[in-house]
Each structure stands twice: as structure tokens, then as C-alpha cells.
Amino acid sequence: QVQLVESGGGLVQAGGSLRLSCAASGSISINVMHWYRQAPGKQREFVARITSGGSTNYADSVKGRFTISRDGAKSTVYLQINSLKPEDTAVYYCSALGVVTGSAFTREYWGRGTQVTVSS
């Protein structure tokens, strides 16, 4: 069974920083890991992506402030968030796209999210 567990969220003042973590467990070969976020009353939106090869992509709204990285050995993805703004307030979710050992299918697995609240 594949599980993703996010951590590192919290309440911070505008301009502050946080480092989110997402640890994946289970027998899965992960191709891509993502971070998404969902603000109150809004749809979930893409934040950042990192492939198994280390390629990264970011939403325009976070470029230059957010950095995604990955510890392949630990199947953990990080999101370093700097210069936080009140509009970054959201639940941050990670997902992993990969193939479970013994399966022929690629699936996406999700964590339950971690709350980030930025006060002005």
C-alpha cells in the first residue's frame, strides 16, 4: 500500500519561510512528484513538479520563491517556500505518479495535505 504523508506546515508571518516535506512509503517506482495547493473556496492548483531525473517545473505564481527538491533514496519530496505571502495560505498536497511493484499501471497517489497559513 502506497502512502504519502506531508508535514512542515504551520502559521507564519508574511515574508517568512517554511519547508514542507512529503514522505512516500510502499513498493512504488515513482516517476514524478508534485505539490498542489488548495485555498479556501478555490480549486486545487498546481504548484511544482519534479521528475525522477530531477527536472522541475513551477507555477508562474511561485517561481523564484518556491523550490522543489527530492531525496530519491528516501522517496521524499520537499518544498522550500520563501517570501511567503498571505495569498499562499492553503492546504498543500503532494502526489506521486508511479508504478506499484508487480503492477503494469501508472497511478497517482495523494497525501492528506498540510495547512500553511500566512498572516499579514
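**Exercises on a predicted model**

**Exercise 1.** Leaving aside neighbours within four places in sequence, which residues is Tyr 92 in contact with?

*Solution.* This is a predicted model. Set aside the residues within four places of Tyr 92 in sequence. The contacts that remain are Glu 6, Leu 20, Trp 35, Tyr 36, Arg 37, Val 47, Phe 66, Leu 79, Ile 81, Gly 113, Thr 114 and Val 116.

**Exercise 2.** Find the disulfide in the whole structure and give its handedness.

*Solution.* The search returns one disulfide. Its partners are Cys 22 and Cys 94, with sulfur atoms 1.8 Å apart. The cut-off is 2.5 Å, so the pair qualifies. Now take the S-S torsion: it is about 45°, so the disulfide is right-handed. Cys 22 lies in strand β3 and Cys 94 in strand β9, 72 residues apart. Both cysteines are buried.

**Exercise 3.** Is Ser 95 buried or exposed, and which side chain does its own side chain meet in a polar contact?

*Solution.* Start with location: Ser 95 is in strand β9. Its relative accessible area is 0%, so Ser 95 is buried. The polar partner is the side chain of Glu 108, at 2.7 Å. Beyond four places in sequence, Ser 95 is in contact with residues including Leu 4, Met 33, Tyr 36, Glu 108 and Trp 110.

How values were computed:
Residues are numbered from 1 along each chain as its sequence is written. This is a predicted model: local features need pLDDT of at least 70, side-chain atom pairs count only at pLDDT 80 or more; totals for chains, interfaces and linings use all residues. Side-chain values use heavy atoms; hydrogens and water are left out. Helices (H or I, at least four residues) and strands (E, at least two) are DSSP runs, numbered from the N terminus. Buried means under 20% relative accessible area, exposed over 50%, partly exposed in between (1.4 Å probe, protein chains only). Contact means heavy atoms within 4.5 Å. A polar contact is a pair of N or O atoms within 3.5 Å; within protein, one must be able to donate a hydrogen and the other to accept it, and residues adjacent in sequence count only if both atoms are side-chain atoms.
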